[in-house]
Amino acid sequence: MLTEAAGGAGAGMIMVLYIVLIVGFIYFFMLRPQKKEQKKMSAMLSSLEIGDSILTSSGFYGIVIDITDDTVIVEFGNNKNCRIPMQKTAIAAVEKPEA
């Protein structure tokens with residue numbers, strides 16, 4: 001009886017070890033890179049300034065004309081009348097103008 005109880009405890013420890021390994025795998029290969037990407041995106045949006053060239057998530061290139069808390073006004077193309085307000089979260093990339 002004593003050996004059966006010891007065998008059951010060993011199997012339970014192996015099961016706990018597998019669960020810990022799976023949780024560790026999920027954290028390092030899924031959650032951590034996603035948090036890193038979110039920090040990178042928020043840093044990019046916080047450094048956004050008027051005059052920056054941006055790429056939207058829909059693939060349009062434009063220049064930032066005005067910035068508010070959660071929206072930006074973007075000018076698209078050479079036509080100065082094409083100014084569209086959009087959410088900051090729709091910005092995929094920012095390129096600073098060359099000085």
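Student: What joins strand 2 to strand 3?
Tutor: A hairpin does, running through three residues. Strands here are DSSP runs of E with at least two residues, and helices are runs of H or I with at least four, numbered from the N terminus. By the way, this is a predicted model, where local features need pLDDT of at least 70 and side-chain atom pairs count only at pLDDT 80 or more, while totals for chains, interfaces and linings use all residues. Residues are numbered from 1 along each chain as its sequence is written, and side-chain values use heavy atoms, leaving out hydrogens and water.

Student: How many bridges join strand 2 and strand 3?
Tutor: Four, between residues 61-67 and residues 71-75, and the two strands run antiparallel. Two strands pair if DSSP finds at least two bridges between them.

Student: Which residue does Asp66 stand opposite?
Tutor: Asp66 faces Ile73 in strand 3.

Student: And what about strand 3 and strand 4, how many bridges there?
Tutor: Five, again antiparallel, with strand 4 covering residues 83-87. Within strand 4, Ile84 is the bridge partner of Val74.

Student: New topic! Where is Asp52?
Tutor: Asp52 sits in the loop between helix 1 and strand 1 (53-56).

Student: Is Asp52 buried or exposed?
Tutor: Buried, because its relative accessibility is 1%. Buried means under 20% relative accessible area, exposed means over 50%, and partly exposed is in between, using a 1.4 Å probe and protein chains only.

Student: Which side chain does the side chain of Asp52 make a polar contact with?
Tutor: That of Lys96, at 2.9 Å. A polar contact is a pair of N or O atoms within 3.5 Å; within protein, one must be able to donate a hydrogen and the other to accept it, and residues adjacent in sequence count only if both atoms are side-chain atoms.

Student: What about Leu48, buried or exposed?
Tutor: Leu48 counts as buried because its relative accessibility is 8%. Leu48 is also in the loop between helix 1 and strand 1.

Student: What does Leu48 touch?
Tutor: Leaving aside residues up to four places away in sequence, Leu48 touches Ile54, Val64, Ile67, Val72, Ile91, Val94 and Lys96. Contact means heavy atoms within 4.5 Å.

Student: How far apart are the C-alpha atoms of Leu48 and Gly77?
Tutor: They are separated by 19 Å, with the two residues 29 apart along the chain.

Student: Last one: where does Leu31 lie?
Tutor: Leu31 is in helix 1, residues 2-46. Leu31 is partly exposed, because its relative accessible area is 40%.
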